[in-house]
Amino acid sequence: EPLAEKWRDFGWVVEECDGHDFLSITKSLAAVENCQQAPAVVICYTTKGKGIPWAESHRAPSNYYLEEEYYKKAMDSLQSLKQRLMEDDGSFKRSI
């Protein structure tokens, strides 16, 4: 869906960013912070379940009940991701 174009058609300033990248989000927010010429919107593109391999491709609503097996898998995936981020020299953070 061309969401950004719809906002632009109504005269808004549009910034788009990777919603999983804090640097990208920060840059987009800074770009619109003092926008004087028109209202502004930041569109953050995200992947539902990011960081949990089985959940990234899961088509269920985001508020569905997790059975214990899937909860444990999700927590293991997130713990692994956290560990990788804590040990990283910067290259991994830029790749997620």
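Mentor: Begin with a definition: buried means under 20% relative accessible area, exposed over 50%, and partly exposed in between (1.4 Å probe, protein chains only). This is a predicted model, where local features need pLDDT of at least 70, side-chain atom pairs count only at pLDDT 80 or more, and totals for chains, interfaces and linings use all residues. Residues are numbered from 1 along each chain as its sequence is written, and side-chain values use heavy atoms, with hydrogens and water left out.

Trainee: Is Cys44 buried, partly exposed or exposed?

Mentor: Its relative accessibility is 36%. That lies between the cut-offs of 20% and 50%. So Cys44 counts as partly exposed.

Trainee: How many disulfides does the structure hold?

Mentor: A disulfide is a pair of cysteine sulfur atoms within 2.5 Å. For Cys44, the nearest cysteine sulfur is that of Cys17, 3.4 Å away. Cys44 is in no disulfide. The number in the structure is 0.

Trainee: Which residues of α4 are buried?

Mentor: Helices are DSSP runs (H or I, at least four residues), numbered from the N terminus. Helix α4 covers residues 68-87. On the other side, Glu68, Asp76, Met86 and Glu87 are exposed. The buried ones are Ala74, Ser77 and Leu81.

Trainee: Why do the buried residues of α4 line one face?

Mentor: Look down the axis of α4. Take the directions from the helix axis to the C-beta atoms; they define the arc. The buried residues line one face because they fall within an arc of 65 degrees.

Trainee: What is the relative accessible area of Met75?

Mentor: Met75 sits in helix α4. Met75 is partly exposed, and its value is 40%.

Terms used
Helices (H or I, at least four residues) and strands (E, at least two) are DSSP runs, numbered from the N terminus. The expected span of a helix is 1.5 Å times one less than its number of residues.
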